[in-house]
Amino acid sequence: MDNEKRGNEDAKMRIFVVGLGMVGIAFIEKMLNMDDKRRFIIETCGEEAHFAYNRVALTEYFQHRSIEKLYLNPPEWYAQQDPGRFICHLGEQVVFIDHAAHTVTTSKGRTISYDICIIATGSDAGLPPYVSSERAKSTKGIFVYRSIADLDAIITYADQDGIKGGHATVVGGGLLGLEAAKAVYDLPTIPDVAILNRQAFPLSRQLDADGGEMVLRRIEAMGVKVVTKVGVEDITTVEVVGPDGVRSNVFTGFDLTDGTHLASNLVIFAIGIKPRDELARVSGIETYERGGIKVGDDLRTSAKDVYAIGECASWRSNTYGLIAPGVEMADILAFNLTQTDTDVGTFRPRQMNNPDLSTKLKLMGVDVASFGDFFADKPVQTKDKSSRANGDAPSQNKAASIPLAKRKSRDGKTTPVWEVDSGQSGEAKAPGAAGVPLVTETVTAPSRERHVPKPNIVDSPIKCLTYKDPFASVYKKYIFTADGKYLLGGMMIGDTSDFVKLVAIVKKKKPLDVPPAQFIVGANKGGEADGADLDDDTQICSCHNVLKGSIAECVKAGMDNLADIKAKTKVGTGCGGCMPLVTNIFKAEIAKAGIVTNNNLCPHFAMSRTELFNVVKIKGLKSHNEIMVTCGTVKDSLGCETCKPAIASILSSLYNEHVMKPAHHQNQDTNDRYLANIQRNGTFSVVPKCAGGEITPDKLIVLGQVAKKYGLYTKITGGQRIDLFGAKKHELPAIWGELVAAGFESGHAYGKSLRTVKSCVGTTWCRYGVGDSVGLAIQLEERYKSLRSPHKIKGGVSGCVRECAEAQSKDFGLIATDKGWNGE
């Protein structure tokens, strides 16, 4: 039997996948799903010790510190695979490909044969010219943002004495730079974060000046310093001697091109990526001088039976740093290997086309999206050598800044991407939309390369339609052909709800059936979009190329929960930005199919939260035990993490009895019981109340003495309080004893209640103040400090319309005017 099994395996074609990243695992999954005849056996090596994980969601790792939560497939998935079809090796790197002998050699000295080899080694983080890789390795405090190992190193270094409480700098204001800045911003050990960006505004590859300026202001409002329009001459270091007597260099900051010095304790370089093509180079496979493994339209390299996909591959001199083009490459290659010759006939092999580079992400708390030819109104910008000398890495993603492409006709003349019938250009009008800040701008389409070539649309002037709302931080810019019949591309900030629909319109090149202004002014239907106006072939997940129709097909196949659909289609497993729409489409399809869904609160209650609320109210139930006995499926259950907070919220909403009443003790979670927030390492943080942000010198001294006595890390929070971190559970009574004796009380930073009411100094000190914002903030905090609510509540009071307390962004807010207080 063993010989027969070995013979069957030898009869199969062996595919070896170099790399177990997001693109590598995407190709493997597609092959396992599409290889109906079981003609292939797939083997892979991943150099990291982890299974394939979601690099797009790396920032979330700083919150939960669990690599398992980032896994694209759980470990059980690998264990369940048939070893006759799939073999996986972790912690082993391929160091050489002998494409003549059709073998690979690994870092463990093993030689593995293959029939087809797929290189999916991804990319490395780029470093600027003034920091070589050797210098980065030998200098403490220099990091990149690319892998779990990088993140662990950042977390560990930021927690060291001398670094904790210091300054961090992120070099680079692109997508990766803002992701890194958000991650460091969330670290409790690093209170000050700066972003160093050569351009005048962040996200210059996705946004224009107006949009970038709005994002810049939002970032600065978070307390992050953004240094723009300046380059770096060099980093500064200091030599230190460790306890073991070993000398080492420690990063201390930057010397900038304007002659100033920016002090910093650690730096994260996020200036771009470079393809990992070193394996191809040492194996004699052709690469581009700029970087990247040279591939053709079929993704084949210069070596026979060797292909490259993902960020390591360079197609037509372009490399792509987004997940979607890599997944598209995996899809093309898997199709060509499994579907060109089937029982129902032969099919033409697919070829690589210019990928869609539309992006939709949430960066630094700001929703940002760009789609289609979002720079159609801008001329080509080419970087010269001087820009690199000032700290920019060479661009590896030409397509990211030049999204569409012209092509040449047979007679050698350049033909445009778009062509419409020649006629009168119509102005965009918004009937009945008086007062809406719409701006139309006519621009002659520049002569330049664009991606997504589509012939036969006249290269006539184009027009831009712009909406800008500085109060709600919403910016939209859509680019149309001059007659308003075709949407070419655009960008959105703040409100990206129409992203999927607009991407579909651009891709299909359909003439518009509504005036251009309708896309901005629109007709507010209310509620959340359920995708009813989208065609089944509309792409709703760009990371994994999932169509709307795929969700409907899954529901028709009997899948009645999102987890199964995500496992089947991989929808939402990339950046996750599509999940709100996916969820609504799923609910609509479930309702359309007549499937009754289970909306029970949890296994302990056979009813929804709303139904439980009504039962408790009508029957007058006033304790957890009464509710369990009367309504629960298990009468003596203590509840779970889902129903316990719900019960506590219902009781507080209906009766608002004192939380310390014995009947409510079991409704309290750990933070409520200890009047402290439990932290990742098991210690607690203590947050004394500072109503309105006001505090006396004597109380400040007491806080310092307590922190010093118990060795606590201190941080000023965004709510104008001082947080004391690192308290051990047995120390809490003593700590609170000293704080209460000094006049402090709990800041209610632990339960679902009023947390803070932020304020500016108002008329007390500010020359612009027209209202006593501090006094009103204190009154509000004192009046509602014991209020229990379904969720935490935060407020703000600004003493004038300059809005320094950011009252508009809180759950409730008041702004002083010369006619009184204006409520939000």
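These legends go with a set of close-up views of a predicted model.

**View 1. I309 in the largest nonpolar core.** Welcome to the largest nonpolar core, which has 146 residues. I15, F27 and I309 are the residues with the most contacts inside this core. Centre the view on I309 and, leaving aside its neighbours within four places in sequence, you will find V23, F27, I118, I119, A120, L299, M329, A330 and L333 in contact with I309. As background, nonpolar side chains tend to be buried together in soluble globular proteins.

**View 2. Helix α7 and the elements packed around its buried residues.** Helix α7 spans residues 175-185. Its buried residues are G177, L178, E179, A180, A181, A183 and V184. Which elements do the buried residues of α7 pack against? Two are helices, α3 (58-64) and α8 (209-221). The others are the strands β11 (167-171), β12 (192-197), β17 (266-269) and β24 (359-363).

**View 3. A cluster of aromatic rings.** The structure holds 13 aromatic pairs. Here, ring pairs join F51, Y71, W77, Y78 and F86 into a cluster.

**View 4. Two lysines over aromatic rings.** Look for K294, whose charged end sits over the ring of Y288, 4.9 Å from the ring centre. A second example is K699, which lies over the face of F744 at 5.3 Å from the ring centre.

View 5. A816 belongs to strand β40, residues 812-817. Is A816 buried or exposed? A816 is buried, because its relative accessible area is 2%, and the cut-off for buried is under 20%. Take a moment to find G799: A816 and G799 are 17 residues apart in sequence, yet their C-alpha atoms are 5.0 Å apart in space. G799 is also one of the contacts of A816 once neighbours within four places in sequence are left aside.

**View 6. The crossing of helices α17 and α18.** Helix α17 covers residues 609-619 and helix α18 covers residues 624-631. Their axes come within 11 Å and cross at roughly 110°. Angles of 65 to 115 degrees count as roughly perpendicular, so α17 and α18 are roughly perpendicular to each other. On the α17 side, L612, V615, V616 and K619 make the contact. Their partners on α18 are I627, T630 and C631.

Key: Residues numbered from 1 in each chain as written. Predicted model: local features only at pLDDT ≥ 70, side-chain atom pairs only at ≥ 80, totals over all residues. Heavy atoms only, no water. Core = buried A, V, L, I, M, F, W, Y, C linked by side-chain atoms within 4.5 Å. Buried < 20%, exposed > 50% of the residue type's maximum accessible area, 1.4 Å probe, protein only. Contact = heavy atoms within 4.5 Å. Helix = DSSP H or I, 4+ residues; strand = E, 2+ residues; numbered from the N terminus. Phe/Tyr/Trp six-rings, centres within 6.5 Å; stacked < 30°, edge-to-face > 60°. Lys NZ or Arg CZ within 6 Å of the ring centre and 35° of its normal. Axes fitted to C-alpha atoms, helices over the stretch in contact; angles between N-to-C directions. Parallel < 35°, antiparallel > 145°, perpendicular 65-115°, else oblique.
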